[in-house]
Amino acid sequence: MPTATVTAVRTSWPRRSVQSQILAAGLRHTVKPTLVAWSFVPSVIWPSRILDRAAEHLPAPDGSTVERVRLGECGAEWIVGPGVDVRKKDRAVLYLHGGALVTCSLATHRRLVAYVSHATDAPALNVDFRMMPQVTVEHMVADCLSGYRWLLAQGYAADRICVVGDSAGGFLAFLTAIAIRDEGLPMPAGLVGMSPLLDLGTERKEASPYNDRCDVFSVRACRGLARFTAAVDAQHEVVGPRVSPIDADLTGLPPVLIQIGSREILRSECEEMVDLLAASGVPASLQVWKGQVHVFQAAGCVLPEGRDAVREVGTFVRGLGAPHAVAS
């Protein structure tokens, strides 16, 4: 039976604050050259360790609660944002953090996850999946699946769970949904990708009209990540070519929302992805935010656009179905 094609929805958000201009300039002159330097020696993870240690001192937003959870091979945090009534058990978020599959942690994303929890009116499980070079992408997806199964075991219906990921966490969000489908588990209600990485390859990024305008990533940095991933795969004796979400079978996935900054090097593949999803019969929406940097939602404490984008995520998640209570 042929797949019914749907039309991808695209919207543009034109507003650009002074704060976002300052942030973009700062990242362009600090983070971007740092990532270029890392690309020459990608086996060295020193920038990540500094970032992770510094983030340990960042508290969760006022009114949030954070509880440690143990999954099969990794840990997680159960985060309840301000004003969320966890007793209702009518909705939950599985959150997968970004960091190029090599960096960031529960601590770096704790505040963003709490804001997402508040906006979606749902508690969120922030998964501390294992990362390269200790493991491969397959191990990371297994950890994310453990988080999904944990939510199901807590009594959350699959059609009330939304998988949300930023950057490389968006990459894992799609692969996790594909794994859920392929394993015959009940599908989640939806997927959200905030500046998602959709292709570990570099050809699309090299051809992107935004590759020299991005405030965070350069083509050289993307090549460094691709080489590093290939080296990790070789170290772990991974057999066969690696398939990124954008080249995978997308049929049967739940509704998708993707948010991207207008100058990001990842914009072209996000635009291609929503068209591929629609062609596969998956309702897909793309929001392009003018002048915003990679995962600008994480700077919502200073960026009005970041706050607005997280609210849009909340609107999407809350609209995925009529809430219904489940047994405790």
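Buried denotes a relative accessible area under 20%, exposed over 50%, and partly exposed the range in between, computed with a 1.4 Å probe on protein chains only. Helices (H or I, at least four residues) and strands (E, at least two) are DSSP runs numbered from the N terminus. The model is predicted, so that local features need pLDDT of at least 70 and side-chain atom pairs count only at pLDDT 80 or more, while totals for chains, interfaces and linings use all residues. Residues are numbered from 1 along each chain as its sequence is written, and side-chain values use heavy atoms, with hydrogens and water left out.

In strand S6, six of six residues are buried. Ile161, Val163 and Gly165 point one way from S6, and Cys162, Val164 and Asp166 point the other way. In a regular strand, side chains alternate between the two faces of the sheet. Two strands are taken to pair if DSSP finds at least two bridges between them. S6 (residues 161-166) pairs with S4 (residues 92-96) in the parallel sense over five bridges; Val93 has Cys162 as its bridge partner in S6, and Tyr95 has Val164. S6 and S7 also pair in the parallel sense over five bridges, and the partner of Val163 in S7 is Leu191.

These strands belong to an open sheet of nine strands with mixed pairing, in the order S1-S9-S8-S7-S6-S4-S5-S3-S2. Strands S1 (9-13) and S2 (65-70) stand at the edges; each has a single partner strand, so one side of each lacks a neighbour in the sheet. Neighbouring strands are turned by 20 degrees against each other on average, direction ignored. Axes are lines fitted to C-alpha atoms, for helices over the stretch in contact, and angles run from 0 to 180 degrees between N-to-C directions. Contact means heavy atoms within 4.5 Å. Helix H5 (residues 137-153) lies across S2, S3 (75-80), S4, S5 (124-128) and S6, and runs at about 165 degrees to S4. Helix H10 (residues 304-318) packs on the sheet, where it touches S1, S6, S7 (190-194), S8 (256-261) and S9 (284-289), and its direction makes about 170 degrees with that of S8.

Tyr95, in strand S4, counts as buried at 0% relative accessibility. Leaving aside neighbours within four places in sequence, the contacts of Tyr95 include His109, Leu125, Asn126, Val164 and Met194. Tyr95 and Gly314 are 219 residues apart in sequence and 13 Å apart in space, C-alpha to C-alpha. Asn126 lies in strand S5 and is buried, with a relative accessible area of 0%. With the neighbours within four places in sequence left aside, Asn126 is in contact with residues including Ala76, Tyr95, His97 and Val113.

Voids were identified on a 1 Å grid over the protein atoms alone: a cavity is a set of points where a 1.4 Å probe fits but cannot get out, a pocket is an open set with protein on both sides within 12 Å along at least five of seven lines, and lining residues have an atom within 4 Å of a point. Grid points are joined across faces, edges and corners, and a volume is the space filled by probe spheres set on the points. The second largest pocket has a volume of about 210 Å³, and H5 and H6 (168-182) each supply at least two residues of its lining. Val137, Glu138, Leu175 and Arg242 are among the lining residues of this pocket.
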